Amino acid sequence: MSAEIISGKEVAENILTTDLKSRVEKLKQSNIIPKLVVILVGEMKASASYVAQKEKFAGKAGIISEVQRFDDNVSEDEILNRISEINSDKSIHGVIVQLPLPKHISVAKVLNNINPDKDVDGFTPFNVGKLFLGEDTLVSCTPKGIMLMLESKNVDLSGKNVTVIGRSNIVGKPVSILCQQQNATVTMCHSKTKDLDSKLADADVVIVAAGVPRFISGSQIPEGAVVIDVGIHNIEGKLCGDVDFESASKRASAITPVPGGVGPMTVCALIENTIIAAERFNSA
Ligand code: NAD
């Protein structure tokens, strides 16, 4: 079997230039242009290229994206003050703080200070709690992007077995909740899971977010499964994921590539969240 390649790049492009663009046009009729602010601390190369992609996608949907840059040695208070200014600025609908932050700045403190209505990364405890309760909320971008991608490929999760590898707050945990909300039976695996192969054996969908290059090989993928590879690694100048693409694509029915899979969908979800925040602001 040779797998269908699920191009996140194409799915994202389609969503950005049709649905999202027309929603932005509608908001513009009420004199609202959705605006996203990205707070970038320091000069991490990976963060910088990710931020560049955010700006590009924002342009495609027609929203404003502004990057506010700070030196590595910026104080925690300065960041908190800026967040409080953004919280009360009515022209800004969404804010994200690009992680990681330097060690002297508390990520928890920073996230706790973001107004949940503008928390377009869906990382604040309030929005995470609402997601857990199944309430309408701003859902964190990578899990949301994965769900949008599965939906675009008409993957019906109801009654299916989904194995998620990784239990991080930003990927593994929220994506497992979203899959359960779609009536999937979810198996969560992590670094202490015993006999990973048996947890994968009856999976219809495999979502890998372990942060280990080419961690899952084709022999572990059940024939015909859909494989979503969240990982992204730069190995000697070449990008790869958490899944060994070459062997896995021989077993899967569909698989996401790295790059061009989950990455663009994450950014697309961020743009949609900013538009949702602006739509709510408009109807408040
Ligand atoms: P993380 O490091 O916070 O969590 C990794 C998880 O994998 C942990 O829960 C850990 O228990 C589990 N794990 C580690 N080794 C394991 C093993 N041997 N067996 C089973 N489970 C194991 O990672 P994260 O933030 O969720 O990110 C995961 C990967 O996804 C990274 O490569 C990251 O760069 C990438 N990522 C990509 C995007 C994107 O938009 N493409 C977004 C977020 C993260």
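Which of the 21 residues around the ligand come nearest? They are R167, S168, H190, S191 and T266. Please keep in mind that this is a predicted model.

**Around the ligand**

- The residues of the shell divide into 10 nonpolar, 10 polar and 1 charged.
- Helix α10, covering residues 262-283, gives the most to this shell, with 3 residues.

**Backbone contacts to ligand oxygen**

- R167, one of the residues that come nearest, has a polar backbone atom 2.8 Å from an oxygen atom of the ligand.
- For I232, a backbone N or O atom lies 3.3 Å from an oxygen atom of the ligand.
- For A210, the distance from a backbone N or O atom to an oxygen atom of the ligand is 3.4 Å.
- On its own the ligand has 850 Å² of accessible area, and the protein covers 71% of that.

**A three-stranded sheet**

- Three strands form an open sheet in the order β3-β2-β4, and their pairing is parallel.
- At the edges are β3 (64-70) and β4 (94-97), each of which pairs on one side only.
- On average, neighbouring strands of this sheet are turned by 20° against each other, direction ignored.
- Strand β2 (residues 35-41) pairs with β3 in the parallel sense over 7 bridges.
- L36 stands opposite S65, a residue in β3.

**The helix across the sheet**

- Helix α3 (residues 76-87) lies across β2, β3 and β4.
- Relative to β2, helix α3 runs at about 180°.

Note on methods: Residues numbered from 1 in each chain as written. Predicted model: local features only at pLDDT ≥ 70, side-chain atom pairs only at ≥ 80, totals over all residues. Heavy atoms only, no water. Near = heavy atom within 4 Å. Polar contact = N/O pair within 3.5 Å; in protein donor to acceptor, adjacent residues only side chain to side chain. Areas by Shrake-Rupley, 256 points an atom, 1.4 Å probe, with all protein chains shown as cover. Helix = DSSP H or I, 4+ residues; strand = E, 2+ residues; numbered from the N terminus. Nonpolar A, V, L, I, M, F, W, Y, C, P; charged D, E, K, R; others polar. Pairing = 2+ DSSP bridges. Axes fitted to C-alpha atoms, helices over the stretch in contact; angles between N-to-C directions. Contact = heavy atoms within 4.5 Å.
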